Amino acid sequence: MDSSSFISAIVLLVLVTDPLGNIPLFIGLLRQVDPARRRRIIVREVLLAFLILVFFALFGQRVLKLMHLTDMSLGIAGGVILFLIALKMVFPHAEGQPDHQVHGEPFLVPLAIPFIAGPSAIATVLLLVSREPHRLWEWLGALSVAMAVSALVLGFAERIAGFLGEKVTLAFERLMGLVLTAIAIEMLLAGIQKFVRQVLSGA
């Protein structure tokens with residue numbers, strides 16, 4: 001992935017937040033909620049997820065320095081996490097329903113965390129900022145666009161699911177998983193390349 005590209009950042013963030021893949025999860029968890037409140041809940045949960053990701057964008061580097069983690073290790077770890085997420089997108093569970101059991105109206109967990117602001121989204125935000133911290137406001141702009149896409153897709157989740165159908169939605173999900181797999185592999189290779197250069201320069 002070309003991390004200097006604003007469009008690439010938007011595409012990557014949309015892929016890792018996976019609004020299409022979250023459609024059946026949100027529909028299942030909000031089925032018992034009054035239809036008049038569903039979109040309000042979705043907007044609230046997307047906003048909470050956005051604030052969480054903004055927090056990691058602003059203060060994540062300090063946490064990494066405190067834990068003595070390098071950009072190289074973050075890149076490799078982020079690639080591994082994205083690869084695992086991509087595998088789940090390509091080979092989803094047959095049930096297509098969330099494992100979480102929520103009684104009443106869900107709040108923060110599991111909708112905002114981990115369905116939207118999950119480990120892959122957090123790692124991606126940290127990676128973008130760590131590579132080019134001087135473009136922080138651009139990454140926040142890309143994150144804002146990605147969250148707006150998630151809010152729009154999830155806000156019309158039932159209509160989209162009804163229009164596309166389960167098979168077409170699953171096909172899109174797997175296609176997104178394939179794209180994310182390629183991005184994850186490239187992130188892994190970039191991290192490994194940095195590691196090899198570091199070893200050779202120190203030898």
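Biologist: What makes the pair formed by the side chain of Gln61 and the backbone oxygen of Leu126 a polar contact?

Modeller: A polar contact is a pair of N or O atoms within 3.5 Å; within protein, one must be able to donate a hydrogen and the other to accept it, and residues adjacent in sequence count only if both atoms are side-chain atoms. Here a polar atom of the Gln61 side chain lies 3.5 Å from the backbone oxygen of Leu126. Gln61 itself sits in helix α3; helices here are DSSP runs of H or I with at least four residues, strands are runs of E with at least two, and both are numbered from the N terminus.

Biologist: Which residues does Gln61 touch, leaving out those up to four places away in sequence?

Modeller: Gln61 touches Phe56, Asp71, Leu126, Val129 and Ser130, where contact means heavy atoms within 4.5 Å.

Modeller: A word on where this comes from: the model is predicted, so local features need pLDDT of at least 70 and side-chain atom pairs count only at pLDDT 80 or more, while totals for chains, interfaces and linings use all residues. Residues are numbered from 1 along each chain as its sequence is written, and side-chain values use heavy atoms, with hydrogens and water left out.

Biologist: Why is Arg38 called buried?

Modeller: Buried means under 20% relative accessible area, exposed means over 50%, and partly exposed is in between (1.4 Å probe, protein chains only). Arg38 has a relative accessible area of 16%, so Arg38 is buried. This residue of helix α3 touches Leu30, Arg31, Val33 and Glu158, not counting residues up to four places away in sequence. A polar atom of the Arg38 side chain is also 3.1 Å from the backbone oxygen of Val33.

Biologist: Is Asp18 buried or exposed?

Modeller: Asp18 has 10% relative accessibility, so Asp18 counts as buried. You will find Asp18 in the loop between α1 and α2. Its phi is near 50°, a positive value in a residue other than glycine.

Biologist: Why does Leu108 count as partly exposed?

Modeller: Its relative accessibility is 28%, so Leu108 counts as partly exposed. Leu108 lies in the loop between α4 (71-90) and α5, and has a positive phi too, near 70°. Leaving out residues up to four places away in sequence, Leu108 touches Glu45, Leu48, Ile52 and Ile113. Leu108 and Ile41 are 67 residues apart in sequence, yet their C-alpha atoms are 9.8 Å apart in space.

Biologist: Which residue does a cis peptide bond join to Pro110?

Modeller: That residue is Val109, and omega is about 5°. Pro110 is in the loop between α4 and α5. Another cis peptide bond joins Ile113 and Pro114, again with omega about 5°; Pro114 belongs to helix α5.

Biologist: How do you know that the span of α7 is close to the expected one?

Modeller: The expected span of a helix is 1.5 Å times one less than its number of residues. Helix α7 (residues 136-155) has 20 residues and reaches 28 Å from its first C-alpha to its last, close to the expected 28 Å. Its buried residues, including Trp139, Leu143 and Met147, pack against α1, α2, α3, α5, α6 and α8.

Biologist: And why is Ile192 called partly exposed?

Modeller: Its relative accessible area is 43%, so Ile192 is partly exposed. Ile192 is in helix α8.
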